[in-house]
Amino acid sequence: MPTVNRRLFLVTGLAGAAAGGALVVPGLAAAGAGTAALRYPFHLGVASGDPRPDRVVLWTRLAQAPLDLDGGMGTQNVPVDWQLATDEAFTDIVASGTETAVPAEGHSVHAEPGGLTPGAHYFYRFRTGTHVSPVGRTRTAPAEGSTPASLSFAFASCAHFEEGWYHAFRHLAKGDPDVVLFLGDYMYENNSGHSDVVRGYLDLDEVDKLDEHRLRYAQHKLDPDLQEAHATAPWLAVFDDHELENNWWGVDFDQQYRKQNAFQAFWENMPLPRSMKPVNSAIPLYRTITWGTLARFHMMDTRQYRWKQAPNNNNTNCTELRRTDRTLTGSAQERWLLDSLTSRTSGWDFLGQQVFFAQRDGDGRASTCDVSEDAWDGYPANRDRIVQGWIDRKVRNPVVLTGDVHRHWACDLRRNYNDHDAPFVGTELVTTSITSRGSTTPPAYPERNPHVHYVGHQRGFVRARVTPQQLTAEFMGVSSVLVRDPAKSTLSVVKRFHVEDGRPGLQPG
């Protein structure tokens, strides 16, 4: 793995801006000569995503004035050149091209170089006029049928801009993961509401217009630690609720224009392929990324197709909540997931999704429904079909990866949680938030839910290492998100677990 000075990469682009952007890069043609003269437009950094064995998505978004509603770009179309090289000096350029950044797409760029070498690291950059972007590093997935010796990845969620500094993103980048999963709540539609926030969103009401969404993403993306995390490895990104509205639900959500604006802005600001560009108020979000025969990531959508949360009437409305036709995934996504799991070509199957999967029964009694209606507990029949589906298909190592709840959790999965002697059939790993606040009051769940092995209250992320023999998951915590000085926010492993190949059940390590 090449040594990468990512801080230098990020500073390079900003230095160009400070000097008027007059950077000359041999071999990179000056795109945009026919357009109006631009000020430095790469303030929002670069990113890559959705790696396949032969291709990857490269992303940037032009913004001369990132905190203007239109990014300071006006109505012009802007040609943007891109390059992909095997070395950070760009002496071995293997692919290049030109994309056009247009107002209707927020002047975002989604380049998709193909014909690449499987399992290879690359460096990439963009240019328009004389302005050159920071450099990012990415990689392709291993070849189909190959068996990588290992895979390292990190997953994170819930990065409220106002509630903390993004030290966790900086630490995540320093770990050099092969791939990063972001499991929702990349931005928040509402202000924090706390009186002691460390930094503020621009003074907008709850965002619902497209230009307001673009502005809110821009505020996030100006953060250098987030830029570093994007520039270090390809991302697999999905949304949860706060990219649109707290606890929103599927096709019957009654503000379709808000869905359309939120989905469009999400696509514009994430390293997603053109095939995932939303059409009106729908976006094709769920997909599978393979990592040779070692692992598969089934990236799921737990918002767009769900039924509205069941009214629970003080934990007594179990009949409605337990209806067998109640769905979180929708029938098409459920079939897609089970069909994907039918092919037993992977040692480890990771379900990258947004809301708590295991049962969390507050009173521990099967006769009541003391659960979160917004999580899988609110749709237990759908969960049961998926779990029974992977049991029937003899999926070797199913592992659910989750965000949303602002705490670290480690859980074993059962088919029947009310039988505390029932065998384990999988694992759930839940990441805490990057910054979003979580309660420091210890929940009562572990005492009444013995499949729960750990609850942690730090801000941070989870990093994992996978081999054919074992999964090792480390719950990472930062000491503070409230101090600006990076030296005063340290990272530590707060808990470590192992899962052995073919043997469901978390083992402390």
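A cavity is a set of points, on a 1 Å grid over the protein atoms alone, where a 1.4 Å probe fits but cannot get out. The model is predicted, with local features requiring pLDDT of at least 70 and side-chain atom pairs counting only at pLDDT 80 or more, whereas totals for chains, interfaces and linings use all residues. Residues are numbered from 1 along each chain as its sequence is written, and side-chain values use heavy atoms, with hydrogens and water left out.

View 1. The structure holds three cavities of 30 Å³ or more. Two or more lining residues come from each of β15 (398–402), β17 (424–430) and β22 (503–508); strands are DSSP runs of E, at least two residues, and helices of H or I, at least four, numbered from the N terminus.

**View 2. Side chains of strand β10.** From β10 (residues 179–182), Val179 and Leu181 point one way and Val180 and Phe182 the other. All four are buried, that is, under 20% relative accessible area with a 1.4 Å probe, protein chains only.

**View 3. Neighbours of strand β10.** Strand β9 (residues 151–156) pairs with β10 in the parallel sense over four bridges, pairing requiring at least two DSSP bridges. Ala156 has Phe182 of β10 as its bridge partner. Three bridges join β10 to the parallel strand β11 (residues 235–237), where Leu236 is the bridge partner of Leu181.

Conventions:
On a 1 Å grid over the protein atoms alone, a cavity is a set of points where a 1.4 Å probe fits but cannot get out, and a pocket is an open set with protein on both sides within 12 Å along at least five of seven lines; lining residues have an atom within 4 Å of a point. Grid points are joined across faces, edges and corners, and a volume is the space filled by probe spheres set on the points. Buried means under 20% relative accessible area, exposed over 50%, partly exposed in between (1.4 Å probe, protein chains only).
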